[in-house]
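Let's go through this one by asking, at each step, what a term rests on.

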Amino acid sequence: MKNIISILLLIITIPLSVLSQKSDFDMVEDFKSDIQNLSYKIENIISSSQINTFHMEIEKTKKIYGKNKLMFDRALYPQNIEQTFTQLELSLLAVENRLVLIEHQREQLVSMRNRTASMKLEINRLYTITDTLKRKLSSAKKEVNTYVNELKGYNDLLIQRDSLVIRIIDSMLISYDKTVSIISDLKLKKPKLLNSDSPLEWIYTVLTQINATTDYNSSFLTVEDYLRMHSLQIRFNHAWKKMQAGLITVYGLNDDYLQLSIEHELKIWDDRSQKYMWSNIHKYLTNQDMILSTFSDADSFFESLENYIQESHRLTKQEFLSKKGYIQSKKVADFWNSTFKNEWLLYSNVFYSGETQNIERIDKSLSYWENDTQPIHPMFVSILSLALVSITGFIFLMIKTKEKR
Amino acid sequence: MIENVDYASYLESVIKPDKDGFVVDLKNNIRFSIHSLVEREFGLNDPTIINEIRLIRNTRGYYFITAHKFKHVYVFLPESGKLKLKNRIEVSSSGIEYPFLNWREPYVELVSDTMELIFYLNERGIFEKNKERNS
């Protein structure tokens, strides 16, 4: 029975072996070699488009070697042919994943390159804008310089105008003084002189122009400017008061309209120039660490300044060893002499009642303060110390000598 | 006792002898000298004339050994410390060309490429022969 089964089995298996045409050993070796090659090729796939080809290759190989599955399973033990192909498929899948990832990265790289190119364009565009801005900034700087120059020109013109007004007023006064006797005669005869070049018209025009064009609030005006402009106003006012009656007589035609207008403009000029001058002096002194009580006219200013000097003098006169009081007094003196008096007295050659006394009093106070706080020369201190030591030594020697006797 | 043990190796081993004439079959865990086989086949005491031997084991545990130009297939049964010759099956009078062995249960298949002969062997001898290949 067993023999019959064996024969039957042989009849079945013989054609298979005949078809194989190779030794099982060689077939297994070929199989191993094919799998190894296939595995190597899979590992070296460079594009996901090849994946399908390899799937087909695996299937084809499986078909070829699958005919002898039993033999291969035995020969490959503990593995089997299915496991071998499954491993190949897994390798292919891993490679496919890797390639997809790489290709995705490649796509990302391309996208990044595109974005970089776009950013470069944007940067270039920004550079262009920056260049435009630079040009605009340069242009603006030029405009600022022009503006500064114009302002400087404006200040210079103000000074020139003030100087011109003074010269004309002075020459008018001189002319007026020379013709004052003629005017007296005219007063008596009451002639009717008609003159289109009336000095009254001119004075009125000058006053309206000054009030209309002077910007007292300008941040470019200095304390010196305010003082000079106020000084001019005082001088002008004084000249007007002097000439007023005679000029009205000659040119007024009994019409007091022009006179009132001139008075009105003079008042505006006085109010405005004083208001801005005192407030700016206060601001300037505060910035210089000179804190004065408030003032709004000449009297209150002199009083406030004198009080400040005296109080500071009192506080610093004991500090002769330090330079603090002396430096402070010099700073106040510098403002008083170089800034205030220089401009205050520039045009005003007429002082109101008590002004001279006020100025003299402040001069004196400042002088006392400066003298009291003048620091002692170090050499003097050294000599004094030396003298004291010498005297002490001498006294000591005298006593010793007396004791010996 | 354990019965119904299958010793078949299913796949032949192709082994190159070393310079001392020893072959090692790691699959079957066996190492032996081929001196006596070479002497028997060729009358020479030089195992290096054999490039490789082919060895397969059947279900009952017999080793079938042959090589290129051998006239016989040798059948051994392993015993303690030795392989005991059980059969010497003559397959060619002039020596078989490039033979190989396959396991075709329950027989060992011997194929010669050039002679186009197929033998189905067991430990007792040739079960069937002269089947032409590619037929």
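Q: What makes β6 (residues 72–79) and β7 of chain B count as paired strands?
A: In this predicted model, β6(B) and β7(B) run antiparallel and share 8 bridges. Pairing takes at least two bridges, so these strands qualify. One spot to look at is B:V73, which stands opposite B:I89 in β7(B).

Q: What do β6(B) and β7(B) form, and what is said of B:G81 in the turn?
A: They form a hairpin, with 2 residues between the strands. In its turn, B:G81 has a positive phi of about 75°.

Q: Which sheet of chain B includes β7, and in what order do its strands come?
A: It's an open sheet of 5 strands, in the order β1-β4-β5-β6-β7, with antiparallel pairing.

Q: How do you know which strands are the edge strands of that sheet?
A: Check how many sides pair: β1 (13–15) and β7 (82–90) of chain B each pair on one side only, and that puts them at the edges. From one strand to the next, the twist averages 25°.

Q: How do you know that β1(B) and β4 (residues 53–57) of chain B pair?
A: There are 3 bridges between β1(B) and β4(B), in the antiparallel sense. The cut-off is at least two, so they count as a pair. Within β4(B), B:I53 is the bridge partner of B:I15.

Q: What about the sheet that starts with β8 in chain B: what is its strand order?
A: This open sheet has 4 strands, ordered β8-β9-β10-β11, and the pairing is again given as antiparallel.

Q: Why do β8 and β11 of chain B stand at the edges?
A: β8 (99–104) and β11 (125–128) each have a single partner strand, so one side of each has no neighbour in the sheet. Here the twist averages 40° from one strand to the next.

Q: What makes β8(B) and β9 (residues 107–112) of chain B a pair?
A: They're joined antiparallel over 6 bridges. With at least two needed, the pairing holds. Across from B:L101 you'll find B:L110 in β9(B).

Now for the helices of chain A.

Q: Which residues of α9(A) and α10(A) meet?
A: From α9(A) come A:I309, A:S312 and A:T316; from α10(A), A:K324, A:G325, A:Q328 and A:V332. The contact residues split into 2 nonpolar, 4 polar and 1 charged.

Q: How confident is the prediction for chain A, in terms of pLDDT?
A: The average pLDDT is 80, and 85% of the residues score at least 70. Over residues 5–20 of chain A, though, pLDDT stays under 50.

Notes. Residues numbered from 1 in each chain as written. Chains lettered and ligands numbered in written order. Predicted model: local features only at pLDDT ≥ 70, side-chain atom pairs only at ≥ 80, totals over all residues. Axes fitted to C-alpha atoms, helices over the stretch in contact; angles between N-to-C directions. pLDDT = per-residue confidence, 0-100. Contact = placed C-beta atoms within 7 Å. Nonpolar A, V, L, I, M, F, W, Y, C, P; charged D, E, K, R; others polar.
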